[in-house]
Amino acid sequence: PPPLSALSQVLRLERNRRTAVVFPLQKLARYLAPGVDTTRFGLFQPDLAALQRAEALFRSGRHHAIDYVSSAVRMDHAPPPALPEVCFIGRSNVGKSSLIRALFSLSPEVEVRVSKTPGHTKKMNFFKVGKYFTLVDMPGYGYRAPQDFVEMVEAYLQERHNLKRTFLLVDGVVGLQKTDHVAVEMLEEFGLPYVMVLTKIDRASRGLLLKNVLEIQEFVKEKTQGCFPQLFLVSSLEFLGVHLLRCFVAHVTGNLPTVEAS
């Protein structure tokens, strides 16, 4: 597995660096002006035991298989909705497949195809995580989106009764774009709980990242009903925020019953 993909590797780091890897949003909050409300920077703060339990779910073993199940372009091709499910959606080239590969990095046999060409994911790809939950990689919207994207995704979001949370990925360098606003409106219209994940944070300067975070948090506070108030910041390359995101996925799928969201 790549460096820092496992918590045991992160725990060897000095304290400040450890915080930056596991809780990148908290690390960023230190650079805010005095008096700025930081409540939304730490609503989900699992302890080490919860982080370890979540990591175990993402690590395949003899009695815990993590498998790519199938791909689908229509709902009647989707696997039966037997387990709690989460889905990842976002603009083409936002780093969706890269993030999913990072989440599954401790199970290298799980094949998550990552392409340099935007819009590579044309189907809904289903990954079964043992007997615990299913993770779905959705086609990207915007540039080079599949022709039937709207029909495919809307049908999935409206009909998938086992869907526990939608993870809406936003490029941490450029912030919310018009196409992202369309996705937010769709999720709000359907009344679905979702969370925003800022990707590629290793590519943004601290000032730019803080600006985008504050703008998006204000947008979430003023314009949304179904979005979790805390943003999740990730870098698939450096594994920043990946451990926390694993924990949140485990939590919303009911596999960390003792962890509270606030």
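Predicted model: local features only at pLDDT ≥ 70, side-chain atom pairs only at ≥ 80, totals over all residues.
Me: How many Å apart are the axes of α6 and α7, and is the crossing left-handed or right-handed?

Reply: The axes of the two helices lie 10 Å apart. The crossing of α6 and α7 is right-handed.

Me: Which residues make the contact?

Reply: Contact means heavy atoms within 4.5 Å. From α6 the contact takes V153, E154, L157 and Q158, and from α7 it takes M186, L187 and F190. Sorted by class, the contact has five nonpolar residues, one polar and one charged.

Me: Now to cavities. How many of 30 Å³ or more are there?

Reply: A cavity is a space where a probe fits but cannot get out. The count of those of 30 Å³ or more comes to one. The volume of the largest cavity is about 50 Å³.

Me: Which residues line the largest cavity?

Reply: The lining consists of F23, P24, L25, Q230, L231, F232, L233, G241 and L244. Two elements, α3 (24-29) and β7 (232-233), each give two or more residues to this lining.

Me: How do the lining residues of the largest cavity divide into nonpolar, polar and charged?

Reply: Gly counts as polar in this scheme. The lining has seven nonpolar residues, two polar and no charged.

Methods:
Residues numbered from 1 in each chain as written. Heavy atoms only, no water. Axes fitted to C-alpha atoms, helices over the stretch in contact; angles between N-to-C directions. Helix = DSSP H or I, 4+ residues; strand = E, 2+ residues; numbered from the N terminus. Left-handed = near helix turned anticlockwise from the far one by under 90°. 1 Å grid on protein atoms, 1.4 Å probe; cavity = no way out; pocket = protein on both sides within 12 Å on 5 of 7 lines; lining within 4 Å. Points joined across faces, edges and corners; volume = space filled by probe spheres on them.
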